[in-house]
Amino acid sequence: MELNIIASSCDDGSAPSCGAGDTGAAASVRAALPAHIQKKIETHPCYSDQAHHHFARMHVAVAPACNIQCNYCNRKYDCSNESRPGVVSEVLQPEQALKKVKAVAAEIPQLSVLGIAGPGDALANAKRSFETFKLLSQETPDLKLCLSTNGLMLPPLIDELCAFNIDHVTITINCIDADIGQKIYPWIYWKNRRIRGRKAAKILIEQQLLGLSLLTERGVLVKVNTVLIPGINDHHVAELSKEIKKRGAFLHNLMPLIAEKEHGSYFGLMGQRAPSAEELEQAQQACGVDMKLMRHCRQCRADAVGMLNEDRGAEFSLDKIAEQDIDYKQAQVRRAAVQKDILNKLKPEYCESVHSNTEISSNSSRLIAVASKGQGLVNQHFGHATEFLLYRADADSVQLVGSRRVSAYCHGSENCDEQQDLLEQSIACLEGCEAVLCAKIGWGPWQKLEAAGIRPSSDHAMERIDAAVAAIYKELNQQQQTCAELSQLA
Amino acid sequence: MSVSIVNSCVSCWACLDVCPSQAIYESKTQMQVDKTKCSECNGFYADIQCASVCPVEGAILDSQGLAFNPPGSLTGIYPEKLAQVPLEF
């Protein structure tokens with residue numbers, strides 16, 4: 001599986017007005033993600049830059065123990081004024097975590113994701129983490145479950161973990177070279193022994209990479225976090241990125257080291273500096289990874305609650321929720337309604353943020369949309385399409401590069417006026433495409449598409465998609481040539 | 001024969017999970033060792049488990065009262081550096 005890069009050209013969070021004139025550094029790569037991954041991340045604030053404006057996440061701190069030491073972590077630190085990974089105010093037992101989740105879900109209906117991210121390692125506390133997941137999957141089945149781990153215990157726990165229908169796993173992998181690893185991890189606890197130095201780093205790296213492969217083989221979405229540490233792993237992250245890509249990670253998130261003296265970590269005390277914004281960007285470029293999706297990553301605490309840009313954890317401390325009497329069923333109904341509403345509103349925003357880059361309009365390659373019900377044929381009415389397949393064609397090849405979902409605007413002859421805005425959304429969704437192939441199309445949408453610079457065609461109805469795309473590519477080339485000749489004559 | 005845990009313990013429960021004798025229990029501020037149960041892992045493991053997983057230097061003592069993990073042994077932060085770490089945690 002290729003490492004897909006998720007990005008949006010609207011990364012500043014402004015209105016979705018990124019025009020076709022955008023230089024296209026953030027091409028429509030989101031669209032290149034397989035539909036099942038898009039579906040998985042559409043409500044996940046940590047993986048989707050759109051979602052993070054609308055959906056909330058919550059970490060439950062049921063995992064205080066850790067099985068490794070990292071030089072950027074100080075296990076003694078516990079302060080409510082601190083906001084960084086590994087820090088929490090109170091550790092919860094699984095039943096307390098369930099109660100807290102219910103309280104938060106009742107108060108914040110945008111809550112879509114529940115994660116276990118420490119303050120130690122989720123899998124070094126397997127019993128408590130799995131008990132928590134079990135309770136949650138029974139009582140809050142609508143919440144997506146995810147966990148964050150250093151990966152040491154992934155291989156031995158893989159089957160148990162996958163039994164809980166966990167959507168996403170984040171593994172923090174800082175290097176794949178034990179010589180570098182020993183500068184980051186002073187020890188690990190492995191098979192009932194404390195192991196130190198290079199040997200420890202070697203075991204950890206082996207387990208991390210094996211764990212990553214095992215997860216992706218089982219269809220679990222895996223993100224890899226890497227802490228960028230200048231002088232230690234900054235020259236190495238490109239190699240690391242390549243390896244995790246090979247093993248199926250869907251996203252690589254490079255995070256800057258947080259190391260202040262007052263945090264008391266080894267790196268903090270030893271004066272290890274954090275990377276500058278420029279260094280971070282350079283490292284991201286070296287990885288060939290467009291980090292735009294993860295620009296909103298807030299490096300949250302292990303008990304964070306709320307939208308990514310806020311932490312309402314303090315409102316939901318155990319003593320505060322102890323007295324609450326929550327009508328959970330009602331809260332669940334409300335949550336479903338609120339989230340459905342958000343998704344509906346997000347769709348146009350999502351579509352419009354998916355943009356083409358300039359190379360699409362160049363001679364070398366063209367982006368063509370296809371309405372298909374399946375079987376590899378151009379066999380769907382434009383107005384019935386809920387998804388367009390995107391193909392990139394050039395002189396030599398036709399390649400599926402992704403899909404874009406829309407709401408079908410045509411449900412028969414009734415309510416046509418009300419469907420107009422959906423038509424607009426469909427057209428906006430096709431921005432960057434030069435043509436759209438379908439089995440049939442009405443006159444109204446035909447005109448609108450043409451006005452938007454997208455050539456509609458039902459000439460290839462019921463043809464095989466690849467042949468039809470190759471044909472329209474040639475037609476567009478000819479048309480362009482004719483236009484050029486005409487303008488020369490004029 | 002028993003290990004003991006002192007108040008620098010941060011209650012991370014790591015030791016409780018790995019103790020083969022169920023000798024460790026949680027108290028309000030820290031983990032405690034039931035001295036009647038602790039076997040120092042004799043007959044279970046070559047290494048004392050709580051002392052092998054504990055992340056806090058000096059938190060677990062042997063029966064002589066000596067730290068299994070003296071300052072600097074786990075973090076690489078030796079006393080002269082430790083002096084610079086703020087006391088309030």
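Start with the aromatic rings: a search of the whole structure finds four aromatic pairs over all chains. Rings of Phe, Tyr and Trp (its six-membered ring) pair if their centres lie within 6.5 Å; planes under 30 degrees apart count as stacked, over 60 as edge-to-face and the rest as tilted.

Select A:Phe130 and A:Phe164. Their ring centres are 5.4 Å apart and their planes stand at 25°, so this pair is stacked. The pair links distant parts of the chain, 34 residues apart. A:Phe130 sits in helix H3 (residues 126-139) of chain A, and A:Phe164 in the loop between helix H4 (154-162) and strand S5 (168-172) of chain A. Helices (H or I, at least four residues) and strands (E, at least two) are DSSP runs, numbered from the N terminus.

A:Phe130, A:Phe133 and A:Phe164 form one aromatic cluster.

Is A:Phe164 buried or exposed? A:Phe164 counts as buried, at 15% relative accessibility. Buried means under 20% relative accessible area, exposed over 50%, partly exposed in between (1.4 Å probe, protein chains only). A:Phe133 is buried with a relative accessible area of 0%, and A:Phe130 is buried as well.

A word on what you are viewing: this is a predicted model, where local features need pLDDT of at least 70, side-chain atom pairs count only at pLDDT 80 or more, and totals for chains, interfaces and linings use all residues. Residues are numbered from 1 along each chain as its sequence is written, chains are lettered from A and ligands numbered from 1 in the order in which they are written, and side-chain values use heavy atoms, with hydrogens and water left out.

Next, select A:Trp187 and A:Arg194. A:Arg194 lies over the face of A:Trp187, 4.3 Å from the ring centre. A charge sits over a ring if NZ of Lys or CZ of Arg is within 6 Å of the ring centre and within 35 degrees of the ring normal.

Now select residues 94-107 of chain A. This is helix H2, with 14 residues. From first C-alpha to last, H2 reaches 20 Å, close to the 20 Å expected at 1.5 Å a residue; the expected span is 1.5 Å times one less than the number of residues. Buried residues in H2(A) include A:Pro94, A:Leu98, A:Val101 and A:Ala105.

Move to the largest pocket, with about 690 Å³ of space. A pocket is an open set of points on a 1 Å grid over the protein atoms alone where a 1.4 Å probe fits, with protein on both sides within 12 Å along at least five of seven lines; lining residues have an atom within 4 Å of a point.

Finish in chain B. Its secondary structure comes to three helices and four strands, in the pattern β-α-β-β-α-β-α. Of its 89 residues, 48% count as buried.

Select B:Gln22, in the loop between H1 and strand S2 (24-26). Its phi is near 50°, a positive value in a residue other than glycine. B:Gln22 is exposed, at 56% relative accessibility.

Methods. Points joined across faces, edges and corners; volume = space filled by probe spheres on them.
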